[in-house]
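User: Please examine the structure shown below and answer some questions on its fold and surface.

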Amino acid sequence: MARRPLRMDSPHNIRLSITKVANEVRDGRLSPSQANAIICAANAILSSIRTDEQRRKIQELEKILESYGKKEN
């Protein structure tokens, strides 16, 4: 059976991919060391996505604060 590619483009898809990896280890289709490498990569990608989301939220808050500062002057 052909494996479907793991999608690592959103936190939701990363969670689904990690679940798929765990199931493949359980079923003997993937070695624990291969799974560990995939999960480490998934965690790095997830951390990067979270950092980008935090940066975006900070920029939005900065814009809001700037607009309040302009209204007060």
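**Surface, fold and helix H1**

Analyst: In this predicted model, the accessible surface of the protein comes to about 6000 Å², and carbon and sulfur atoms hold 55% of that area.

User: How many helices and strands does the protein have?
Analyst: The protein has 0 strands, and its helices number 2.

User: Is the protein a compact globule or more spread out?
Analyst: The C-alpha trace spans about 65 × 20 × 15 Å along its principal axes. For 73 residues the globule rule gives 11 Å, whereas the radius of gyration is 19 Å, well over that value, so the protein is more spread out than a compact globule.

User: What share of the 73 residues in the protein is buried?
Analyst: A residue counts as buried under 20% relative accessible area. Of the 73 residues, the buried share is 14%.

User: What distance separates the end C-alpha atoms of helix H1?
Analyst: Helix H1 covers residues 11-26, which is 16 residues. At 1.5 Å a residue these should span 22 Å, and the computed separation of the end C-alpha atoms agrees, at 23 Å.

User: Which residues are buried in H1, and what arc do they cover around the axis?
Analyst: The buried residues in H1 are Asn-13, Ile-14, Ser-17, Val-21 and Glu-24. They lie on the same side of H1, because the arc they cover around the axis is only 100°.

User: Which residues are exposed on the other side of H1?
Analyst: Exposed means over 50% relative accessible area. On the other side of H1, the exposed residues are Arg-15 and Arg-26.

User: Which residue just after H1 takes a positive phi?
Analyst: The phi in question is about 80°. The residue that takes this positive phi just after H1 is Gly-28.

Note on methods: Residues numbered from 1 in each chain as written. Predicted model: local features only at pLDDT ≥ 70, side-chain atom pairs only at ≥ 80, totals over all residues. Heavy atoms only, no water. Helix = DSSP H or I, 4+ residues; strand = E, 2+ residues; numbered from the N terminus. Expected span 1.5 Å × (residues − 1). Buried < 20%, exposed > 50% of the residue type's maximum accessible area, 1.4 Å probe, protein only. Arc of directions from axis to C-beta. Rg over C-alpha atoms; globule rule 2.2 N^0.38 Å. Areas by Shrake-Rupley, 256 points an atom, 1.4 Å probe, with all protein chains shown as cover.
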